[in-house]
Amino acid sequence: MRALFDKLGSRSFLTAGVSSSAVAAALLCGSFAQEAFAQYLDTIPPNHPSIRYSQSKTSDPVSRLASQFASGQQRLPFRDDGLGYLPALLDAFGISVDSQALVFSKTSFQAAKISPRNPRAIYFNDEVAVGWVRGGDGIEIAALDPAQGMVFYTLDTRKVERPQLVRRQECLHCHQGTATLGVPGIFVGSVLPDAAGRPSRGAAIITDHSTPFADRWGGWYVNAAKGQQADRSNAVSIDPAEPWTLNTRGLQNRRDLVGLVDTTGYLAPVSDIVALMTFEHQTKVTNLMIRAGWVWRTSGRLEIDALADAMLFADEVQLREPLEGVSCFTTSFAARGPRATDGRSLRDFDLKTRLFRYPLSYMIYSAGFDGLPAPVRDKLYARLYQWLTRASDSRNPASGVETGKIIIAIVAATKPGVPGYWKTSE
């Protein structure tokens with residue numbers, strides 16, 4: 001495995017949509033789009049005595065699975081159809097195949113094998129993201145540890161007697177910096193790719209629920225019905241003299257990938273827009289949760305305003321027209337609950353004017369949220385409650401008496417450990 005990683009190099013392996021080498025160069029020369037970051041946040045030393053990222057034992061889902069491998073409690077079946085360990089790995093983590101999103105820009109350490117004809121597949125749940133390239137050398141895994149943040153691993157794709165999930169400390173060279181808000185994290189990017197999938201360096205941005213559609217998903221395949229809400233997806237720049245001009249003719253509102261890429265050998269034939277939009281939101285909230293915890297542990301400061309904003313979908317781009325996904329993700333994601341006695345859930349999608357029907361992030365149920373230091377978590381609960389009880393706020397779709405009451409009631413009924421004042425709210 002060491003030889004594999006030496007061959008692949010220590011470049012980013014789960015930076016979704018933006019090559020980390022391009023990001024670094026762009027930042028150094030000042031050409032990275034300003035929309036990528038609302039503000040610069042300092043990088044927190046990972047081996048600060050209060051963090052000890054490299055030395056501390058982790059308790060993320062991958063480390064737990066690795067322990068089961070080592071003890072013989074868990075085996076990982078191998079498929080000989082080109083998928084190898086991927087199906088069994090997703091099953092072990094409880095990751096649904098319908099979360100598949102396909103990125104064709106030349107990113108990750110396997111950039112040479114990624115192209116518009118051979119996109120990289122991303123699969124995810126609330127705590128684990130998996131990257132896989134058809135014909136690739138390694139499966140890329142990022143997992144959320146409640147205290148340490150995102151932890152990075154690889155799994156050799158070759159069939160062996162005892163597959164090993166190997167932690168990669170080197171990945172912080174690219175996975176901790178401005179793009180991840182100064183902590184170990186992952187993000188979704190949008191680039192302007194050429195016909196081979198090579199991104200134009202100066203046009204890379206980081207995207208989330210506040211990014212206009214017109215700037216999203218460059219270098220990604222996106223399948224959806226979304227009306228006239230144009231974006232960068234499914235398109236490449238065909239004129240070297242105009243690298244910032246994408247040929248999007250006939251490539252919007254694609255319900256399938258026929259004619260764009262042969263999906264033989266992939267677990268699913270589509271790249272679902274609802275899954276990708278959900279992943280965008282999740283990556284931002286996760287990075288901000290990690291940062292809030294690390295800031296408190298290293299300095300005793302509370303830094304929760306940006307996290308509260310992200311959890312409440314502040315400045316979310318409103319949909320001008322309803323949109324519709326093409327896989328079962330919309331149904332399967334919502335079915336994971338939890339649900340209040342009246343059937344409502346923070347996982348319910350809206351897809352008419354916004355992404356979720358009840359705009360408070362489902363990441364409130366995550367191990368990352370529960371792993372926040374108690375003073376940070378308590379203050380965050382108070383800040384969320386304050387916003388949810390406001391009559392209205394132009395930045396916050398969750399504000400408003402009725403919407404806020406519904407969200408508070410859902411959380412009070414479904415979230416263990418919620419403060420008592422949430423339960424007594426009228």
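Student: Which residues line the second largest cavity?
Tutor: In this predicted model, local features need pLDDT of at least 70 and side-chain atom pairs need 80 or more, while totals for linings use all residues. Residues are numbered from 1 along each chain, and side-chain values use heavy atoms without hydrogens or water. A cavity is a set of points on a 1 Å grid where a 1.4 Å probe fits but cannot get out, and its lining residues have an atom within 4 Å of a point. By that rule, the residues around the second largest cavity are His209, Phe213, Arg216, Met277, Glu316, Val317, Leu319 and Leu355.

Student: How much space lies in the second largest cavity?
Tutor: A volume here is the space filled by probe spheres set on the grid points. For the second largest cavity, whose lining includes Arg216 and Glu316, this comes to about 50 Å³.

Student: Which residues lie nearest the centre of the largest cavity?
Tutor: The lining of the largest cavity is made up of 13 residues in total. Those that lie nearest its centre are Asp126, Met150, Ile186, Gln282 and Thr286.

Student: Which element gives the largest share of the lining of the largest cavity?
Tutor: Helices (H or I, at least four residues) and strands (E, at least two) are DSSP runs numbered from the N terminus. The largest cavity is lined by 13 residues, and the elements giving two or more of them are strand S3 (128-133), strand S4 (138-145) and helix H6 (273-299). The largest share, four residues, comes from H6.

Student: What angle lies between the planes of Phe78 and Tyr85?
Tutor: Phe, Tyr and Trp rings pair if their centres lie within 6.5 Å, and a pair is edge-to-face if the planes are over 60 degrees apart. The whole structure holds 19 aromatic pairs. Phe78 and Tyr85 form an edge-to-face pair, with 4.9 Å from centre to centre and an angle between the planes of 75°.

Student: Which charged residue sits over the ring of Phe333?
Tutor: Phe333 belongs to a cluster that ring pairs link, together with Phe124, Phe279, Phe313, Phe329, Phe349, Phe356 and Tyr362. A charge sits over a ring if NZ of Lys or CZ of Arg is within 6 Å of the ring centre and within 35 degrees of the ring normal. Over the ring of Phe333, 4.5 Å from its centre, sits the charged end of Arg347.

Key:
1 Å grid on protein atoms, 1.4 Å probe; cavity = no way out; pocket = protein on both sides within 12 Å on 5 of 7 lines; lining within 4 Å. Phe/Tyr/Trp six-rings, centres within 6.5 Å; stacked < 30°, edge-to-face > 60°.
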